[in-house]
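Try each task before you read its solution.

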Amino acid sequence: MTSPFSASVLEQRRASWDELFESREWGKYPPEELIRFIARSFPDSGQRKDKLILDLGCGTGACAWYLGREGFTAHAIDGSERAIEIARARLKHEGYQDQVTCHVGGMENLPFAPNTFDAVIDICATGANPWADCLRIIEGVYRVLKPGGRYFGSFFAPGTSMPGAPFISECGLYGKHDRGPLADAQTRLFSFKEMQDLFAAFTDFSIDRHLRTLNNQQYQVELWNVSARKPE
Ligand SMILES: C[S@@+](CC[C@H](N)C(=O)[O-])C[C@H]1O[C@@H](n2cnc3c(N)ncnc32)[C@H](O)[C@@H]1O
């Protein structure tokens with residue numbers, strides 16, 4: 001399956017992530033749900049260096065840094081050159097550069113052999129793509145996971161506040177509204193049915209809803225947290 005969007009639309013999306021990472025500092029620490037997933041899935045800290053994890057759409061490397069710190073061997077990939085530059089600098093500064101390898105690249109064409117990873121993590125990265133590309137990315141995730149390998153990802157759900165008049169791009173992504181939890185970001189909001197469809201080939205899946213409010217309950221952020229496995 002190839003992306004139905006033209007190279008210029010894809011390029012524009014990458015450029016706007018570059019611009020975002022250039023203009024403001026991004027969060028440095030992983031979300032609590034990812035920490036729980038890692039603790040639950042890989043409780044034996046002694047064997048972690050033999051576990052290979054992929055951080056999909058790693059941004060400036062908050063989760064990749066955590067994987068290094070927790071003793072895993074990891075790869076991290078992102079389409080934004082600026083994000084990868086920042087991630088590499090932090091990993092080097094904190095001594096994890098040999099454990100975590102960063103790549104600039106599109107998640108739609110993962111440059112890894114089939115059955116490579118023990119786990120793939122995906123914090124609001126696949127969800128920043130149009131539906132046709134989401135299907136393609138998750139197909140790729142399935143391909144690169146080992147049989148029995150685990151997936152954890154977060155996607156924005158329809159209860160997330162979209163104050164003002166959100167701009168909807170030609171490929172169906174929200175973005176460029178001036179305030180609220182998704183200000184500046186480009187993302188889709190996913191229905192529960194879409195989440196089920198996206199992970200239909202997986203097993204042991206759990207699609208949980210995480211709700212939080214911001215600014216004294218002015219805004220709401222609703223996420224789907226998905227954990228699933230590739231069948232053995
Ligand atoms: C919301 S940010 C999340 C970053 C990171 N996972 C975190 O939790 O801090 C989404 C990231 O996904 C990347 N991304 C989105 N779609 C992509 C694609 N198709 N190929 C490569 N990177 C992509 C963006 O460049 C951006 O860094």
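A residue counts as buried under 20% relative accessible area, as exposed over 50%, and as partly exposed in between. Keep in mind that this is a predicted model.

**Exercise 1.** Work out whether Trp26 is buried or exposed, or something in between.

Solution. Start with the value: the relative accessible area of Trp26 is 30%. Now hold it against the cut-offs, under 20% for buried and over 50% for exposed.

**Exercise 2.** Decide how the rings of Trp17 and Trp26 are arranged.

Solution. For Trp17 and Trp26 the centres are 6.3 Å apart, which makes them an aromatic pair. Next, look at the planes: an angle over 60 degrees counts as edge-to-face. Here the angle is 80°, and the pair is edge-to-face.

**Exercise 3.** Follow Phe190 to its ring partners and to a charge.

Solution. Begin with the rings: Phe190 belongs to a cluster linked by ring pairs, along with Trp131, Tyr142, Tyr151, Phe155, Phe199 and Phe202. Then check for a charge: the charged end of Arg188 sits over the Phe190 ring, at 4.7 Å from the centre. Elsewhere, Arg90 lies over the face of Tyr29, 5.6 Å from that ring's centre.

**Exercise 4.** Describe the surroundings of the ligand.

Solution. Count the neighbours: 17 residues surround the ligand, with Trp26, Gly57, Asp78, Glu108 and Asn129 the closest. Then find the site: the ligand takes up the space of the largest pocket. A polar backbone atom of Gly79 is 3.0 Å from a ligand nitrogen. For Met107, a backbone N or O atom is also 3.0 Å from a nitrogen atom of the ligand. Finally, the cover: alone, the ligand exposes 580 Å², and the protein buries 92% of that.

Definitions and conventions:
Residues are numbered from 1 along each chain as its sequence is written. This is a predicted model: local features need pLDDT of at least 70, side-chain atom pairs count only at pLDDT 80 or more; totals for chains, interfaces and linings use all residues. Side-chain values use heavy atoms; hydrogens and water are left out. Rings of Phe, Tyr and Trp (its six-membered ring) pair if their centres lie within 6.5 Å; planes under 30 degrees apart count as stacked, over 60 as edge-to-face and the rest as tilted. Buried means under 20% relative accessible area, exposed over 50%, partly exposed in between (1.4 Å probe, protein chains only). A charge sits over a ring if NZ of Lys or CZ of Arg is within 6 Å of the ring centre and within 35 degrees of the ring normal. A residue is near a molecule or strand if one of its heavy atoms lies within 4 Å of it. A polar contact is a pair of N or O atoms within 3.5 Å; within protein, one must be able to donate a hydrogen and the other to accept it, and residues adjacent in sequence count only if both atoms are side-chain atoms. Accessible areas come from the Shrake-Rupley method with a 1.4 Å probe; for residues, only the protein chains shown count as cover. On a 1 Å grid over the protein atoms alone, a cavity is a set of points where a 1.4 Å probe fits but cannot get out, and a pocket is an open set with protein on both sides within 12 Å along at least five of seven lines; lining residues have an atom within 4 Å of a point. A molecule sits in a cavity or pocket if more than half of its atoms lie within 2 Å of its grid points.
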